[in-house]
Every structure is written in structure tokens, then in C-alpha cells.
Amino acid sequence: MDIVTRLRTETFGPDATRFTIATGDITTLAVDAIVNAANARLVRGGGVDGAIHRAAGPELQAECLRLNGCLPGMAKVTAGYGLPARSVIHTVGPVWQGGDQGEDSTLESCYRQSLSLAAELGLKTIAFPAISTGIYGFPPDRASRIAVRASLLTGSACGLEEVIYCCFDGDTVALYDAALSEMLTSL
Ligand code: AR6
């Protein structure tokens with residue numbers, strides 16, 4: 001059952017790619033790919049990573065362990081197993097260290113690499129959590145602006161049908177709502 005609520009959808013780019021702010025549990029979304037905020041070893045952790053592994057079942061960890069990890073800012077794909085999503089794109093966000101260690105560009109790269117990988121695989125609908133803003137401590141306001149800007153540019157350029165920002169709480173929804181309005185007028 002899809003228990004994610006779509007709150008706002010805008011279109012952007014030559015193919016009118018849909019960008020949707022939604023709220024709920026990303027593990028319930030029946031999209032082509034959900035993105036996991038993973039760690040560099042691709043070993044099951046907490047947060048959204050733990051929730052995705054719990055819902056997908058142990059085969060997900062087994063496939064992750066065959067991938068030899070993932071560098072921060074990069075992305076790798078697995079099947080979705082017990083999830084309603086067909087695939088999981090695992091990306092590794094930056095650990096916040098004050099902002100002068102390249103955190104912004106690493107986070108931007110997570111979105112760009114995940115979207116490019118989805119497009120290469122012919123996937124059309126993709127949902128993101130707010131990467132790095134939980135356990136990794138990236139300021140959520142700054143992260144939402146990076147997420148929306150990078151995904152509007154890359155998601156529209158590579159012909160995806162829908163990009164969903166799956167916000168776990170109301171504060172995150174408000175940040176994405178403001179970031180989407182801002183970026184749509186400035187890009
Ligand atoms: N659906 C959508 N969003 C969620 C869900 C969910 N089910 N659960 C949590 N979030 P985090 P990070 C939100 O900590 O900061 C793991 O141990 C959460 O509220 O999951 O990138 C990994 O293995 C927050 O807004 O990811 C890494 O070691 C967002 O997802 C590390 O945590 C991201 O929070 C990665 O830390």
C-alpha cells in the first residue's frame with residue numbers, strides 16, 4: 001500500500017518532468033527506484049537505510065555486499081526485493097564537518113549520480129529521502145536547496161518522468177516547498 005501523500009507537483013524542463021514534494025515512508029513507494037542514504041561500506045545502518053533493509057529483506061544486504069562499497073557522492077544500484085520499488089539506488093552522502101570539506105559538492109553529486117544512473121537504466125520514476133540530513137548531520141535547509149537545484153537540472157535533462165522528494169516530517173516538507181519555489185523562479 002502506498003502511504004506516501006503527494007503534496008505539491010511542479011513540472012520543469014523540455015519533457016515536463018514532474019517534481020513532487022511528498023510526505024511519508026519512502027519504503028512504501030511503488031516507483032522504479034527509491035534512493036537509499038547509505039554508508040560507504042553499503043552495510044545496513046540506521047535511519048532510512050535501516051528502514052529500507054528491513055522492508056526489502058536480507059537479500060538486499062547480500063547484494064550490497066557484492067558491490068564493494070560506494071564512494072561518497074557516487075551511486076550504485078540493486079534490486080528492490082521485498083520493496084514495492086523495482087530498484088534501490090544506494091548513494092553515500094557527506095558527513096557534515098562544518099561545510100568547508102566539500103560537503104556541498106559531494107551532496108550535489110549524490111543527486112546527479114543517482115539521477116544519471118536511473119536514466120541509464122531506463123528508470124522513469126525515482127524518490128529521494130533528504131540525504132545526509134539525519135545521522136550525517138548536514139543542515140537540512142542547505143541540503144534541501146542543493147537537492148532541489150541539482151535534481152531540477154539533472155532530472156529534467158535526462159528525461160525522467162517524475163522525481164519525488166519523500167520528506168519524513170513536516171519541517172522537511174516546508175524546507176523543500178520553499179526551495180522548490182525559489183529554484184523554479186531562479187533557474
Ligand atoms: N522514509 C523517508 N525518509 C526517512 C525515513 C523513511 N522511512 N527514515 C528516515 N528518513 P538518515 P544520513 C529521513 O539518518 O543522514 C545510516 O546509518 C530522516 O528523517 O537516514 O544520510 C546509513 O547507513 C532524514 O531526513 O541518513 C549511514 O551510516 C533523512 O531520511 C547514515 O545513516 C536522512 O537521514 C546516513 O546518514
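**Sheet, helices and ring pairs**

Me: Are Y111 and F128 buried or exposed?
Reply: The model is predicted, so local features need pLDDT of at least 70 and side-chain atom pairs pLDDT 80 or more, while totals for chains, interfaces and linings use all residues. Numbering starts from 1 along each chain as its sequence is written, and side-chain values use heavy atoms, without hydrogens and water. Buried means under 20% relative accessible area, exposed over 50% and partly exposed in between, with a 1.4 Å probe and protein chains only. By that cut-off, Y111 and F128 are both buried.

Me: Which kind of aromatic pair do F12 and F19 form?
Reply: Rings of Phe, Tyr and Trp (its six-membered ring) pair if their centres lie within 6.5 Å; planes under 30 degrees apart count as stacked, over 60 as edge-to-face and the rest as tilted. The whole structure holds four such pairs. In one of them the ring centres of F12 and F19 are 6.5 Å apart and the planes stand at 75°, so the pair is edge-to-face.

Me: Which elements hold Y111 and F128?
Reply: Helices (H or I, at least four residues) and strands (E, at least two) are DSSP runs, numbered from the N terminus. Y111 and F128 form a tilted pair, with 4.8 Å centre to centre and 40° between the planes. The two residues are 17 residues apart and link distant parts of the chain, helix α3 (residues 103–120) and strand β6 (residues 125–128).

Me: In what order do the seven strands form the open sheet?
Reply: Two strands pair if DSSP finds at least two bridges between them. The edge strands, pairing on one side only, are β1 (5–12) and β4 (75–79). The pairing is mixed, and the order is β1-β2-β7-β6-β3-β5-β4.

Me: What is the bridge partner of F19 in β7?
Reply: Strand β2 (residues 17–23) has five of its seven residues buried. β2 runs antiparallel to β1, joined by seven bridges, and pairs in the parallel sense with β7 (residues 162–167) over six bridges. Within β7, the partner of F19 is V163.

Me: What angle does helix α1 make with β3?
Reply: β3 (residues 33–38) and β5 (residues 87–92) are parallel partners over six bridges. Axes are lines fitted to C-alpha atoms, for helices over the stretch in contact, and angles run from 0 to 180 degrees between N-to-C directions. Contact means heavy atoms within 4.5 Å. Helix α1 (residues 47–56) packs on the sheet, touching β3 and β5, and its direction makes with that of β3 an angle of about 130°.

Me: Why do the buried residues of α2 lie on the same side?
Reply: The buried residues of α2 are L60, Q61, E63 and C64. The arc is that of the directions from the helix axis to the C-beta atoms. These residues lie on the same side of α2 because they cover an arc of only 165°.

Me: Which residues of α1 meet L60, Q61 and C64 in α2?
Reply: The axes of α1 and α2 come within 6 Å and cross at roughly 115°. H53, which lies in α1, is buried at a relative accessible area of 3%. Meeting L60, Q61 and C64 from the α1 side are I52, H53 and A56.
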